[in-house]
Amino acid sequence: MVTKQLLTALPEDADLRRADSLAREIFSDVANKWAFLIIEALGERTLRFSELRNDVEGVSHKMLTQNLRMLERNGLVERKVHPTVPPRVEYTLTEPGQALRATVDGMCGWTHQYLGHIEDARRRFGA
């Protein structure tokens, strides 16, 4: 857990508590279900757009495009265009993307571990 003293020592751009910080903008970008699922699907592989769309069930063409652009803009995904007709585009996690993947893997593990508990709580809440 990060102490208040450590948070105070952060530069303004790194302070998640500040609404105008770059850190909060990045956090907001990557902390969404599609970004997590894309990162998980890429893993240590290189995939084409259509392969990603098949792996991430339920994602629309538009949402996949938006999230891939955001991940690329933040330096988490590398997009490589091969000069073929039609162009072949591939996506791979960068080093920072791989590092974030460890966190995503942890979230997936947490979800699997506590799924039954959460289902029970939802049943009790709805009763």
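**What the labels rest on**

Modeller: Start with L71: apart from its neighbours within four places in sequence, L71 is in contact with V30, A35, I38, I39, L76 and V77, where contact means heavy atoms within 4.5 Å. The model is predicted, so to speak of local features needs pLDDT of at least 70, side-chain atom pairs count only at pLDDT 80 or more, and totals for chains, interfaces and linings use all residues. Residues are numbered from 1 along each chain as its sequence is written, and side-chain values use heavy atoms, with hydrogens and water left out.

Colleague: Why does L71 count as buried?

Modeller: Buried means under 20% relative accessible area, exposed over 50%, and partly exposed in between, with a 1.4 Å probe and protein chains only. L71 has 0% relative accessibility, so L71 counts as buried.

Colleague: What makes a set of residues a nonpolar core?

Modeller: The members are buried Ala, Val, Leu, Ile, Met, Phe, Trp, Tyr and Cys residues joined through side-chain atoms within 4.5 Å. The largest such core here has 23 residues, of which I38, L42, L52, L68, L71 and Y91 touch the most other members. Helix α3 (33-42) gives the largest share of this core, six residues. Leaving aside neighbours within four places in sequence, L52 is in contact with I38, A41, L42, L47, L64, L68 and Y91.

Colleague: What is the crossing of α2 and α5, left-handed or right-handed?

Modeller: A crossing is left-handed if the near helix is turned anticlockwise from the far one by less than a right angle, and right-handed if clockwise. The crossing of α2 and α5 is left-handed. The axes of α2 (residues 22-30) and α5 (residues 61-73) come within 10 Å and cross at roughly 145°; axes are lines fitted to C-alpha atoms, for helices over the stretch in contact, and angles run from 0 to 180 degrees between N-to-C directions.

Colleague: Which residues meet there?

Modeller: E25, D29 and V30 in α2 meet M70, L71 and R73 in α5.

Colleague: How do you know that β1 and β3 pair?

Modeller: Two strands pair if DSSP finds at least two bridges between them; strands (E, at least two residues) and helices (H or I, at least four) are DSSP runs, numbered from the N terminus. Three bridges join β1 to β3 (residues 88-93), and the two strands run antiparallel.

Colleague: Why are β1 and β2 called edge strands?

Modeller: β1 (46-48) and β2 (77-82) each pair on one side only. The open sheet has the order β1-β3-β2.
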